[in-house]
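Subject: Structure for you to look at

Hello,

Here is the structure we spoke about. My notes on it follow below.

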Amino acid sequence: MNTQISVAIHILSLLSVNKEPISSKFIAGSINSNPTLVRKICKYLRNGNLIESQQGKSGYRLAQSAEQILLGEVYKLIQDEEHFAKIHQDTNPDCIIGQNIQSALDDVYTQVDQQIIDTLNQTSILDLTSNQHPNETIFSLLQHGAECMCTCTDFYQQQSPYRYYCDRY
């Protein structure tokens with residue numbers, strides 16, 4: 001498993017709290033990466049109909065409501081491996097364990113993969129960015145004056161072009 005899944009969720013969360021389309025450069029500033037990585041991940045998200053961009057206009061925005069976007073769907077779009085963990089392939093065919101380990105692990109890993117997706121599907125992007133999530137959320141952090149990388153009208157710019165603070169809460 002790689003960090004692209006959490007980066008994709010970060011991108012979707014950022015888009016969910018902004019009304020206007022956001023550029024890959026701005027998103028890259030929020031995830032502390034480069035616009036090329038952002039465009040790569042946004043390609044997956046666009047192909048999955050989670051985000052949209054318009055030709056001739058700069059930026060991305062959600063194609064669905066944040067409530068409809070479940071983390072398990074994001075996982076399935078981004079996860080490029082067959083399972084959450086790789087199964088080694090070069091086992092000794094003369095060993096009874098070596099002959100059977102791939103199929104045994106495949107069955108177990110398939111069950112784990114489904115459990116991961118089912119668990120992730122219990123949370124939406126809206127859950128992460130609002131006060132509806134049982135754990136500390138972006139919304140609750142904003143209530144306590146934490147930094148935010150948003151451009152919505154409730155935030156004002158301070159110090160750096162990528163730092164915004166919420167003064168509404």
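Six of the eight residues of helix H2 (residues 24-31) are buried, so the rest of the structure largely encloses this helix. The buried ones are Ser24, Phe26, Ile27, Ala28, Ser30 and Ile31. Buried means under 20% relative accessible area, exposed over 50%, and partly exposed in between (1.4 Å probe, protein chains only). Helices (H or I, at least four residues) and strands (E, at least two) are DSSP runs, numbered from the N terminus.

This is a predicted model: local features need pLDDT of at least 70, side-chain atom pairs count only at pLDDT 80 or more, and totals for chains, interfaces and linings use all residues. Residues are numbered from 1 along each chain as its sequence is written, and side-chain values use heavy atoms, with hydrogens and water left out.

Two asparagines are worth a note. Most residues other than glycine have a negative phi. Asparagine 32, which follows H2, has a positive phi near 60°. Asparagine 32 sits in the loop between H2 and helix H3 (35-47) and is exposed, with a relative accessible area of 72%. Asparagine 49 also has a positive phi, near 60°. Its place is the loop between H3 and strand S1 (51-52), and at 53% relative accessibility asparagine 49 is exposed.

Helix H5 (residues 96-120) has a kink of about 30° centred on glutamine 102; the bend at a residue is the angle between axes fitted to the seven residues ending there and the seven starting there. Gly98, Gln102, Tyr109, Asp113 and Ile117 are buried in H5. The buried residues of H5 pack against helix H4 (71-78), where contact means heavy atoms within 4.5 Å.

Regards
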